[in-house]
Amino acid sequence: MSQKFNLQSKYQPAGDQPKAIKTLVSGLKKGQQKQTLLGITGSGKTFTMANVIEQVQKPTLVIAHNKTLAAQLAQEFQEFFPDNAVHYFVSYYDYYQPEAYVTASDTYIEKDAQINDEINRLRHATTQSLLMRDDVIIVASVSCIYGLGSPQEYFDKNFLIKEGEKLSKTDIMRRLVEIQFDRTTADLTPGAFRSIGNTVDIMPTSSEKIMYSVDIIGGKVDQIRAINPVSGVILEEVDHVVIFPAKHFMTDGEKKDRAMELIKNELKESLNQFQKDSKYLEYDRLKRRTEYDLAMIREVGYCSGIENYSRHLSGKAEGEAPDTLISYFPHDKNGNPEFLTIIDESHMTIPQIRAMYRGDQARKENLVQHGFRLPSAKDNRPLQFHEFEERVEQQVYVSATPADYEREVSETLVEQIIRPTGLLDPIVEQHGVKARLEDDYPGQIQDFIAQAEIDIAKGGRALATTLTKKMAEDLSSYLKDREIKAEYLHSDVKTMDRIKIITEFRKGDFDILIGVNLLREGLDMPEVTLIGILDADKAGFLRSKTSLIQTIGRAARNQDGRVIVYADEMTEALEFAVTETARRRKLQIAHNKKHGITPATIKKTIHDITERMQSEHVQTVISELDTDLAAFGGNMKKLMKYKKRAMNDAVKELDFERAAIIRDQLIQLEGRLGEK
């Protein structure tokens with residue numbers, strides 16, 4: 001589907017934005033491959049990039065270095081482009097322990113993962129949009145450089161069902177099973193189908209908000225209806241529907257047979273080598289594992305860890321780069337990219353992209369040497385940096401603190417220092433770390449609490465950055481013990497929970513947020529008036545020039561923003577950060593004076609991306625439950641008895657959708673009772 005990007009906003013570019021937009025668009029149209037936008041915090045970098053996207057009219061990949069930032073960017077781009085396809089693509093694991101072997105202790109660690117079904121659905125929505133339309137913006141983490149399966153196979157395997165087509169119910173079910181759909185007799189989930197009478201109900205992988213009901217009469221498709229799976233309301237009648245595979249790693253019968261032969265041949269070579277080297281334990285490991293996987297692939301077309309055989313399944317040569325999300329973006333007939341890549345917070349994201357391959361290969365090499373995987377498993381890998389560069393071509397690096405790499409390779413570097421709001425970089429104060437008896441100085445924690453209470457009393461919020469996760473958790477507990485509303489945030493917190501915590505913080509459910517490095521880049525919280533950087537004079541990555549500048553920038557979205565660096569001495573990094581902040585502040589004050597601008601705190605609507613990502617089923621469960629609770633006067637036990645009877649009645653009537661909603665309402669009620 002061809003549709004133009006249409007930016008919708010009540011704002012017009014202001015401050016340094018018009019210059020930045022014009023310069024970047026000009027560079028892209030001239031064919032420049034690499035440009036850098038040095039945009040300070042709060043200068044509206046996302047709005048600038050949205051304007052660039054609208055003017056160049058190219059599908060766009062935006063890469064962020066963590067899931068939280070990616071979620072926020074996806075939300076912002078969706079607000080700017082409500083009529084276009086904006087998707088969120090990150091790793092679908094809430095928990096992930098990769099397969100590994102520790103030689104020193106002779107310990108094999110099996111792959112252990114907990115897949116987030118909502119994020120998996122969003123990944124399928126992403127790839128399907130890329131294959132079906134042009135007006136697509138994908139906001140992704142670095143998972144976009146990991147193997148994903150061939151886009152051609154994924155597209156070729158789609159199942160087109162047309163009204164009037166000669167298809168029996170058995171034909172439809174067989175085709176759905178071939179593309180890895182699950183058959184069920186209960187409520188549908190994405191990637192599942194059920195058969196009732198002459199009807200097959202199908203829920204596509206990309207959405208929980210729609211179900212296709214296909215009626216078969218006389219061996220033909222008689223009718224196709226799009227239905228709301230929760231309410232049962234018919235949304236529309238359609239003459240065709242395209243069903244994409246439930247998994248990204250797909251292959252057909254002929255290619256599967258060829259792949260199995262290649263796997264058998266590689267297994268034979270590896271076993272011969274182990275036997276030659278008298279490695280009998282490794283021989284037995286590899287033989288048992290691979291033969292079991294081959295049996296699974298032969299019988300059901302899939303096996304756990306099938307991605308480790310991706311080279312054979314895709315027909316790629318040894319060492320050839322895998323297909324990734326980038327492969328799903330449009331290319332011309334010569335294979336040249338026809339899309340734009342924006343690398344957000346590039347000083348963090350580029351090093352992360354560089355590091356992925358080396359770490360992955362070290363782990364895989366160990367598994368291969370000790371008989372846990374075939375050598376071809378090493379080709380199930382992320383892209384190397386040079387492969388990534390070849391596949392994206394035109395890039396715009398975005399950062400308040402571009403690293404040396406971006407500065408060296410960029411053909412254009414444009415600064416965006418003046419904020420449209422007139423907001424200034426914050427004033428930075430230095431307070432001591434340790435208590436000093438001679439001046440009764442209370443120490444950094446007590447001082448931060450005292451300073452935070454001043455801001456909280458005025459309606460502000462405070463951030464504290466620590467050096468370790470343990471320190472963040474301990475400080476959060478200490479503040480709660482003092483009856484101060486506080487929470488911590490770090491990389492061990494689950495993706496959805498991180499987003500929820502930030503939303504609650506902005507809403508004022510608590511007053512102090514404590515974190516480590518997740519608090520630096522891109523977290524947009526204009527309610528913050530105070531940032532305390534604890535142990536600011538310690539050496540290391542978290543207190544480097546770049547890290548300090550980024551952290552200080554978090555206070556630049558509020559006119560009352562200020563930063564306290566807790567340091568007994570000014571390190572080189574601290575000196576640079578304070579001096580650079582003062583330089584920018586001076587330029588901003590001069591601009592405001594010249595144009596008669598009075599700084600005003602950013603007013604930003606508080607959205608929760610988890611609400612957008614939450615399934616319609618869950619939303620229905622919660623909204624109905626709240627209504628019923630009010631009708632029962634808040635008596636949860638009485639409501640539970642009523643709901644249990646209603647669920648049993650729904651099951652007797654074979655109304656599985658209704659029964660599923662009531663079941664989940666009962667789970668919600670039990671959880672709420674447990675919290676009391």
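Modeller: A residue counts as partly exposed when its relative accessible area lies between the two limits, buried being under 20% and exposed over 50%. Please keep in mind that this is a predicted model.

Colleague: Why is K378 called partly exposed?

Modeller: K378 has a relative accessible area of 24%, and because buried means under 20% and exposed over 50%, K378 counts as partly exposed. E365, with 29%, is partly exposed as well.

Colleague: What makes the meeting of K378 and E365 a salt bridge?

Modeller: The side chains of K378 and E365 meet at 2.8 Å, N to O, and a salt bridge asks for a side-chain nitrogen of Lys or Arg within 4 Å of a carboxyl oxygen of Asp or Glu, so the pair qualifies. This pair links distant parts of the chain, since K378 sits in the loop between α10 and α11 while E365 belongs to helix α10, 13 residues apart.

Colleague: How do you know whether D535 is buried or exposed?

Modeller: The relative accessible area of D535 is 8%, and because under 20% means buried, D535 is buried. Its salt-bridge partner K538, whose closest N and O atoms are 3.6 Å apart from it as a pair, is partly exposed at 38%.

Colleague: Why are helices α1 and α2 called oblique to each other?

Modeller: Their axes cross at roughly 40 degrees, and because angles under 35 degrees count as roughly parallel and those of 65 to 115 as roughly perpendicular, α1 and α2 are oblique to each other. The crossing of α1 and α2 is right-handed.

How values were computed. Residues numbered from 1 in each chain as written. Predicted model: local features only at pLDDT ≥ 70, side-chain atom pairs only at ≥ 80, totals over all residues. Heavy atoms only, no water. Axes fitted to C-alpha atoms, helices over the stretch in contact; angles between N-to-C directions. Helix = DSSP H or I, 4+ residues; strand = E, 2+ residues; numbered from the N terminus. Parallel < 35°, antiparallel > 145°, perpendicular 65-115°, else oblique. Left-handed = near helix turned anticlockwise from the far one by under 90°. Buried < 20%, exposed > 50% of the residue type's maximum accessible area, 1.4 Å probe, protein only.
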